[in-house]
Amino acid sequence: FLSEYPSSSGSMITIIQDKSKLIDDIGETPSLRVDLVTRGELPTGYNSIVVPFEEHSKVHYEYILTELTAGQPYKVQVSASNDLGFGRPHASHPSELAPPVQKPSVPTSIILQVASRNSLEVFFSKPESNGGDAISLYRIDWDTNQEFDSADGVPIGSYTYIPSNHCEPCSHQISALVQGQNYFVRVYSYNSRGYSFEPGIPTPSFLSPKTAADPPESLTISPHSDTAIDIQFPPSSNDGGAPVKSYKVEWNGMGYIAGLPSPNRDYLSALYSPYNVQSILVTADDDNVSGVFRLAFRGHSTDDISVRATADDLRNALEMLPTVGSITVSKESFSNGFVWAVTFLTDYGNESSFGPIPSLSISINPTDMPDLFATEVTSVAGTSLLGTGARIAVNNELVAFKGYEQQKLTTQCKSTNGLLSGYFSLSIGNTRTKELPHDVSAMDLKRELENMRSIGEVKVLRRIKQSNQNAFEWTIIFLEKLGNVPMLSVHDHLACSDGSVGPFMYTVENAQGVLPRMDGPFAGEVELNALHYVGRNVISHTIRNLTRGMRYHFRVSAWNGYGESYGQSRHSTPATIIPVDKPGPPTSIHMTSVDNKTLKISWSAALSNGGFQGISKYSVELAENPSAYNEVQQITISASDSLSGKFKLGFDGSWTRLIPANADASQISSAITAMPNMGGISANTNQSGLNSSSWMITFEKNIGDLPLLTIDTAWLGENHISAEVVEIAPGRDIFSGDDHSTFKRTFTVEHTPEIQEIILESSANDMGGYFFIHFMGERSSNIHVDSDATTIQRVLEGVSTIDEVTVSIIPHTQDSISLYGQRWVVTFKSHRGDLPSLLVDSGSGPASTITTGGTLLGSSPLIRVETKEDGGIRTNFVTPSILNENKTYTTRISSLNGYSWST
């Protein structure tokens with residue numbers, strides 16, 4: 001077949017009818033068949049199409065071949081067909097022809113997406129037709145106008161994209177756009193003949209660059225009450241390109257109470273505690289536990305403590321130890337046992353790892369020394385703990401500073417003989433401290449770091465390395481910048497006297513900061529509609545129904561509709577807070593005369609501190625008390641017949657003893673002033689007869705408009721008794737009035753620093769040698785007994801657990817048999833509260849408050865430590881000598897728990 005290829009399309013000649021008269025050599029009729037000898041093959045690129053037509057009168061036909069390759073020559077032939085099949089094909093004229101190369105069609109599958117707050121990304125694929133030539137590039141245009149003519153008739157931006165070999169799909173990120181502005185995008189394809197006639201338009205045709213909204217720049221929390229917290233934050237400074245629709249505030253319980261529901265405390269619920277908390281658990285198999293135990297801490301032990309001890313009993317026993325300092329203790333009872341929670345307010349570990357402190361240890365053996373105490377004991381015969389299966393265990397519930405980032409900065413010369421000099425600075429991000437001296441104090445470094453706005457509050461501790469007295473270590477604890485903090489960068493201009501090329505100065509991460517989980521039994525969240533706060537500089541909200549006494553951590557995030565979730569979170573400042581109510585006022589206030597110009601005012605602490613750890617300051621108001629300001633009330637009782645019997649008077653919930661119906665003024669005055677909440681009064685008998693009595697009461701010590709006295713007449717008989725109290729003159733509050741003619745002054749009683757004395761004694765003037773100081777588990781370098789105050793201060797401040805102190809040396813005051821020596825008076829300037837005692841060590845035994853022998857030389861040398869004045873808030877105050885002996889004064893005192901003032 002020269003012009004047709006039937007076998008190539010599956011066609012064969014078929015025998016329709018056999019009319020042959022053939023006979024083979026044996027007289028049989030042979031079979032007739034058609035066999036395929038050689039299969040035909042279609043030419044390369046061969047295609048065919050059948051074109052039907054119905055207009056038989058037409059003499060000229062045409063057909064357009066499509067989907068051809070531009071520039072590729074094609075040969076064409078045409079065959080006619082009838083019922084018998086196709087006839088002989090006729091070749092075209094010219095014999096071959098190539099479709100011309102032309103501009104490509106538009107790119108396909110174009111998609112526009114948001115890439116960031118300042119960029120969009122466009123994805124596209126190759127066009128359906130390249131126009132007969134390879135696509136060499138694409139042009140991407142963008143504009144804020146869909147006509148693409150914002151820049152004097154042209155788009156504001158254009159980019160020529162050259163595709164790679166495997167670009168499917170291709171993509172390009174359009175950057176440096178304005179967040180929140182809508183941008184239209186189009187894409188052209190290009191070959192040697194030019195750009196496609198039309199651009200490809202993406203889906204969607206326009207978008208605005210945006211991302212999740214930034215969190216508010218700060219989140220400040222403060223107590224509202226003992227079950228509520230106030231939160232405040234500014235609106236998000238960057239809405240991500242779309243208006244913020246809502247803010248989500250989340251919180252979770254932290255601390256000891258948050259871990260009580262579960263025996264397996266969640267690590268992430270025990271973060272950000274400012275204190276170490278240890279529990280002492282007493283349990284038994286039956287409710288029959290009894291007996292005593294002892295506790296030890298840092299080598300010192302208590303006297304016997306009853307297993308039934310109250311929280312105050314346990315606190316008093318532990319605070320007697322010189323190594324403990326200020327603590328608070330709470331107690332909970334449960335079936336067959338008790339648990340005390342001990343919070344260490346002034347002990348936060350040492351340079352090895354700030355936060356953890358040694359565990360309290362227990363003994364129920366009366367002969368055990370502190371080194372034999374254990375963290376868990378069980379009752380056995382012969383011990384002081386009784387009860388079926390009775391046992392006591394100590395657990396570390398909270399570790400101070402856990403979760404906060406800790407970084408350590410070290411400076412030292414290459415040799416131990418080299419002396420450092422010069423300055424250095426620290427930076428984080430784009431902020432940097434000023435130049436700091438090579439031995440900058442902990443407090444000065446703290447102040448400089450906190451001046452860097454991005455850091456917030458830090459705690460800084462400094463240590464002089466004992467191996468090299470001119471090498472320093474500063475531990476920096478980030479209290480407000482939470483999570484994993486970038487390392488501080490060091491910029492130094494230091495020199496060493498040993499001639500080394502340069503000193504070592506570097507930072508290391510002691511503890512990586514972590515963020516807490518926000519789920520669990522004490523977690524919660526609230527969404528705030530941002531539309532309700534439009535135009536406000538500060539968004540405020542109160543979180544209520546919180547657990548009293550529990551620490552909480554908060555965070556806030558913003559949502560602008562981008563994506564399915566809120567953006568990043570801003571964590572609270574401070575990191576945790578306790579819901580706190582107003583503290584109670586001080587009680588049992590007394591004034592005594594010191595001299596003719598001075599008064600001493602003393603009081604007892606409030607019965608309630610509002611749920612916080614303690615009182616931080618007192619306000620003492622003092623004023624003259626002119627009689628014109630006093631409350632005056634009249635008491636009258638009468639009967640229809642003779643008046644007899646007795647009665648009682650009540651005031652503010654308290655009652656007097658029984659008073660005779662015919663009492664004189666002194667009896668009335670004595671009875672009223674005996675009430676616990678009553679100050680001094682003066683009483684006058686206004687009327688006295690057979691059937692009535694009346695007294696005029698002037699309140700000289702209780703200030704302001706007072707409630708009326710109440711009368712209980714149950715003991716006056718049945719002669720138609722009537723009784724009444726009327727206010728003759730309301731009291732006026734001298735402190736709240738605007739009367740400037742009388743004396744008024746307000747004094748603040750704040751933290752008093754701890755003062756301890758290191759006393760050096762000997763029986764002859766020949767004391768020599770050296771010793772060591774221990775404080776909160778860290779030991780100083782050696783201190784020679786003839787050191788001056790500056791040297792002593794330097795050594796003490798080289799102990800990381802000691803911040804700032806002042807030291808003075810005074811001659812020995814003979815209060816023992818020793819005749820020679822001196823006193824080193826150490827005042828702790830920056831520590832707060834009642835501190836553990838300094839301990840002394842001369843190598844002759846464990847560190848204690850007294851030492852002798854060892855490295856001390858001379859005649860009977862002895863060194864001891866005494867606490868001269870406990871640190872903390874005093875409950876007494878001596879006025880300046882500015883008062884007048886002819887005047888009467890009154891006072892009122894209010895207490896502050898760090899957040900709220902009492903009434």
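In the predicted model, the largest nonpolar core comprises 31 residues. Within this core, the residues with the most contacts are Ile280, Phe293, Leu314, Leu318, Val342 and Ile392. Two or more residues are contributed to the core by each of β16 (276-283), β17 (290-297), α1 (311-319), β20 (327-334), β21 (337-344) and β25 (391-398). The surroundings of Ile280 illustrate the packing: when neighbours within four places in sequence are left aside, Ile280 is in contact with Leu295, Leu314, Phe338, Val339, Trp340, Val342, Leu360, Ile392, Ala393 and Val394.

Thr302 is placed in the loop that links β18 (300-301) to β19 (305-306). This residue counts as buried because its relative accessibility is 4%, which falls under the 20% limit. Beyond neighbours within four places in sequence, the contacts of Thr302 are Arg294, Leu295, Ala317, Leu318 and Leu321. Leu295 is therefore a contact of Thr302 as well as of Ile280, under the criterion of heavy atoms within 4.5 Å. Leu318, another contact of Thr302, is among the core residues with the most contacts.

A further set of buried residues occurs in helix α4 (residues 789-797), where Ile792, Val795, Leu796 and Glu797 are buried. In an α-helix there are 3.6 residues a turn, so residues three or four places apart point the same way. The cover over the buried residues of α4 includes β30 (458-464), β52 (768-775), β54 (783-784), β55 (805-811) and β56 (820-828).

Met12 is classed as partly exposed because its relative accessible area is 39%, a value between the limits of 20% and 50%.

At the level of the whole chain, 4 helices and 63 strands are assigned. The radius of gyration is 47 Å, whereas a compact globule of 903 residues would have a value near 29 Å. Along the principal axes, the C-alpha atoms fill a box of roughly 165 × 90 × 80 Å. Of the 903 residues, 43% count as buried. The accessible surface of the chain amounts to about 46,600 Å², and carbon and sulfur atoms account for 49% of this area. Among contacts with a separation of 6 or more, 67% join residues 24 or more positions apart.

Technical notes:
Residues are numbered from 1 along each chain as its sequence is written. This is a predicted model: local features need pLDDT of at least 70, side-chain atom pairs count only at pLDDT 80 or more; totals for chains, interfaces and linings use all residues. Side-chain values use heavy atoms; hydrogens and water are left out. Buried means under 20% relative accessible area, exposed over 50%, partly exposed in between (1.4 Å probe, protein chains only). A nonpolar core is a set of buried Ala, Val, Leu, Ile, Met, Phe, Trp, Tyr and Cys residues joined through side-chain atoms within 4.5 Å. The radius of gyration is taken over C-alpha atoms; the globule rule is 2.2 Å times the number of residues to the power 0.38. Accessible areas come from the Shrake-Rupley method with a 1.4 Å probe; for residues, only the protein chains shown count as cover.
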